Amino acid sequence: MATKEEIVKSVPQTGFFGHPKGLFSLFFTEFWERFSYYGMKAILIYFMYDTVQNGGLGLDKTTAASIMAIYGSLVYMSGIIGGWIADRILGTRRTIFWGGILIILGHLSLAIPGGLTFLFASMILIILGTGLLKPNVSSVVGDMYAEDDTRRDAGFNIFYMGINAGAFISPLIVGAVQKEYNYHVGFSIAAIGMAIGLFMYTHKQKQKLGLAGLEPKNPLNIQERNGILKKFIAAVIIVAILVVIAAMSGMLSIGSVVNFFTVIGLLAPIAVFIWMFTSKKTKKEEKSHLLAYIPLFITSTMFWVIQEQGSTILAAYIDTRTDLTMGSFKIPAAWFQSLNPLFIITMAPIFAWIWVRMGKRQPSTPIKFAFSLLFAGVSFLIMIIPAITSGGKELISPWWIVLSFFLVVVGELLMSPVGLSATTKLAPAAFAAQTMSLWFLTSTAAQALNAQFAKLFAKITEVQYFGYLGGASVLLFLVMLILSPWISKKMGNIR
């Protein structure tokens, strides 16, 4: 098995904005993967609650928002499986490839008019495919840099721009195609995007990536393989029996499934933390790093609770409560999903330049996380103003949505790329890819909560909803400021 030093030396070290050439390949792989995912996501909630006559499924808005939230939760939860398969069986490179194949099949399923059956089949394929691909692409990015390489955070900022460039373009294209033709043609565009991404990833892969991600870091032995296979078969049988029992007793409904996965989404990260912390393979210093990671994880979860509602609660709010007319032209509601990545693309280079310019004088990771919560909270608190002035009935100006998205993006740039980088540095050596999966579990927990918040939104006023969540985020910001010295101490020499 190649060492970290051998992997770094095998990767061409310059050639893409002063970074390893492999960053170019991973940048565009993630660009097209995010193009496919966010293009699909931009129109999916509308597809679910639009009328059957308009080509939709005719679900109510609350159910559609809850399904969207659980779908997002499971997409990121599946990263645990993807990280484990990469670490123990295939290595990150092969795991990424098979993830791309499953995502393509998932988008093709949505492109076929097949009602709820094809919708859920598509969701399962994309959930599994994204779990295999997404955390492992980020992990390979980390493998290309030495641990003390000062370009690391800047490299993740460039990589993060690739994510958001794809996310910016796709709602504009898919939204326009859906409006001009229908939902299924829009979903087919997403499938094409992922196919392009898979080609970009495999083309001249060895030359660009060297040994990075080629072999599993903690491969299974024969005894472990046999034991895990038996446990997997037993788990499948148990799940099948439970599903049959639930169906026969009338308990198998969309609502009960949403509630079940809300609980799973909250328990999963706790279980992974305990598993890694108690493992004999986790060293004493690495356990200290994991303790430092807990408040960072909670902070990130609170942030994503607010940010991820841009494609659920706020998406429906844009469609039904926002004035979308510009003269004789009506702006497609899906286009607003391009605001978040647009702001990131324009501001990420500025943040990257600031961190490089400041060097070791830049704020600590806990302080960056804390201020991300402040901006997230304010992004919801400002929505109280149009909620009051409109009386909850009149259409609001779209500029309130633009401002809200802008504020949450400032918080995202303080937290997300820094969090990716911190995760690769705080990860126990035996759980490298799985710790990256743990980072994505922040979105799992957040969207599991959002599945329940979607129900709350229909029961209380807009002022209460935005006020409660925005206020909770600002309160946690203050707590993080107090805890930041302790977190930095537990992080040790890692900055």
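**From one residue to the whole chain**

Modeller: F343 has a relative accessible area of 14%, and because buried means under 20%, F343 counts as buried. Please keep in mind throughout that this is a predicted model.

Biologist: Where is F343 placed, and which residues does F343 touch beyond those up to four places away in sequence?

Modeller: The residue belongs to helix 14, which covers residues 339-358. Once residues up to four places away in sequence are set aside, F343 touches V402, F405, F406 and V409.

Biologist: Is V410 buried or exposed, and which helix holds V410?

Modeller: V410 sits in helix 17, residues 398-426, and its relative accessibility is 10%, so V410 counts as buried. Leaving out residues up to four places away in sequence, V410 touches M347, F351 and F375.

Biologist: Which residues are in contact with K455, leaving aside its neighbours within four places in sequence?

Modeller: With those neighbours left aside, K455 is in contact with T62, S66, V258 and N259. The C-alpha atoms of K455 and K61 are separated by 9.6 Å, although the two residues are 394 residues apart along the chain. For I270, the C-alpha distance to A445 is 10.0 Å, and the pair is 175 residues apart in sequence.

Biologist: How do I read the relation between two helices, taking helix 3 and helix 4 as the case?

Modeller: One looks at how the axes approach and at what angle they cross. Helix 3 (residues 61-77) and helix 4 (residues 79-90) have axes that come within 5 Å and cross at roughly 15°. Angles under 35 degrees count as roughly parallel, and helix 3 and helix 4 are therefore roughly parallel to each other. Where they meet, V75, Y76 and M77 of helix 3 face G79, I80 and I81 of helix 4, and by class this contact has 5 nonpolar, 1 polar and no charged residues.

Biologist: Which residues touch the most other members of the largest nonpolar core?

Modeller: That core has 121 residues, and M40, L44 and M48 touch the most other members. Leaving aside neighbours within four places in sequence, M40 is in contact with Y71, H107, L110, I126, F187 and A190.

Biologist: What do the totals say about the protein chain?

Modeller: Totals place the single cases in context. The secondary structure of the protein chain comes to 19 helices and 2 strands, and 56% of its 495 residues are buried. Among contacts with a separation of 6 or more, residues 24 or more positions apart account for 84%. The accessible surface of the protein chain comes to about 20900 Å², and 71% of that area belongs to carbon and sulfur atoms.

Methods. Residues are numbered from 1 along each chain as its sequence is written. This is a predicted model: local features need pLDDT of at least 70, side-chain atom pairs count only at pLDDT 80 or more; totals for chains, interfaces and linings use all residues. Side-chain values use heavy atoms; hydrogens and water are left out. A nonpolar core is a set of buried Ala, Val, Leu, Ile, Met, Phe, Trp, Tyr and Cys residues joined through side-chain atoms within 4.5 Å. Buried means under 20% relative accessible area, exposed over 50%, partly exposed in between (1.4 Å probe, protein chains only). Contact means heavy atoms within 4.5 Å. Helices (H or I, at least four residues) and strands (E, at least two) are DSSP runs, numbered from the N terminus. Accessible areas come from the Shrake-Rupley method with a 1.4 Å probe; for residues, only the protein chains shown count as cover. Axes are lines fitted to C-alpha atoms, for helices over the stretch in contact, and angles run from 0 to 180 degrees between N-to-C directions. Angles under 35 degrees count as roughly parallel, over 145 as roughly antiparallel, 65 to 115 as roughly perpendicular and the rest as oblique. Ala, Val, Leu, Ile, Met, Phe, Trp, Tyr, Cys and Pro count as nonpolar, Asp, Glu, Lys and Arg as charged, and the others, Gly among them, as polar.
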